[in-house]
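Welcome, and thanks for taking a look at this model. Please keep the sequence and the 3D view open side by side as you read.

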Amino acid sequence: FHPKKGCDLLLKALHDFPSLKLAMVGPLHESDNSFIEKLRDLAPADRVTWTGLLTGELKWGALCAAKALILPSHQENFGMIVAEALSVGTPVFISDKVALSEEVLRHKCGFVEEDTFEGTRRLLRRFSELSASDLPVLRQNALECYRANFMPKTVAERFQTLAQSIVSNP
């Protein structure tokens, strides 16, 4: 948990959506626990589960089981967890400061809003308004986004094409 991730915005906004539950995933024991304690104080206690760090099968199981991943970050150079969520068909609800936001919009595999309290509220509102038929479409779009942009074979082919064009046209 880091202030740049926008967790405080998410926990504050969650108060406005009493039907939503949230899992906060990440290491809970840092050298300075004061930030985590501030986050715990912001959380509606009965609707937030603090899992600690999940790795291996637990991490992938949680990503597969999640209805969505939300990351209202103030800055992400890439957003590996976003690509990982997409790889298992989990829709993503992210801020416009996550570098993968253009791909999310292009593939319609989630929603993108500003990294503000109001933007985070809109992400939660949009999630809460999804119909039963919306989620399977978002899941399929998430898989397609991953395959088209982040699957290792796809990335390797793009890199090879780029490298060949550089060698051919120095």
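## About the model

This is a predicted model, in which local features need pLDDT of at least 70 and side-chain atom pairs count only at pLDDT 80 or more, while totals for chains, interfaces and linings use all residues. Residues are numbered from 1 along each chain as its sequence is written, and side-chain values use heavy atoms, with hydrogens and water left out.

## Helix 1

Let's start with helix 1, which spans residues 7–14. Helices here are DSSP runs of H or I with at least four residues, strands are runs of E with at least two, and both are numbered from the N terminus. Because 6 of its 8 residues are buried, helix 1 is largely enclosed by the rest of the structure. Buried means under 20% relative accessible area, with exposed over 50% and partly exposed in between, using a 1.4 Å probe on protein chains only.

The buried residues are C7, L9, L10, L11, A13 and L14; C7 has a relative accessible area of 10%. Their packing partners are strand 1 (22–25), helix 2 (34–42), strand 2 (48–52), strand 3 (69–71) and helix 6 (117–128).

Next, find N141 in helix 7 (residues 134–149). N141 is buried, at 17% relative accessible area. Setting aside neighbours within four places in sequence, N141 is in contact (heavy atoms within 4.5 Å) with H107, K108 and C109.

Two backbone oxygens lie by the side chain of N141: that of K108 is reached at 2.8 Å, and that of H107 is 3.5 Å from a polar side-chain atom.

## Cysteines

How many disulfides does a search of the whole structure find? The search finds 0, a disulfide being a pair of cysteine sulfur atoms within 2.5 Å. For C109, the nearest cysteine sulfur belongs to C145, 4.0 Å away. C109 is buried, with a relative accessible area of 0%.

## The largest pocket

Finally, the lining of the largest pocket includes at least two residues from each of helix 1, strand 1, helix 3 (56–65), strand 3, helix 4 (80–87) and helix 6. By class, this lining has 25 nonpolar, 5 polar and 6 charged residues. Nonpolar covers Ala, Val, Leu, Ile, Met, Phe, Trp, Tyr, Cys and Pro; charged covers Asp, Glu, Lys and Arg; the others, Gly among them, are polar.

Terms used
A polar contact is a pair of N or O atoms within 3.5 Å; within protein, one must be able to donate a hydrogen and the other to accept it, and residues adjacent in sequence count only if both atoms are side-chain atoms.
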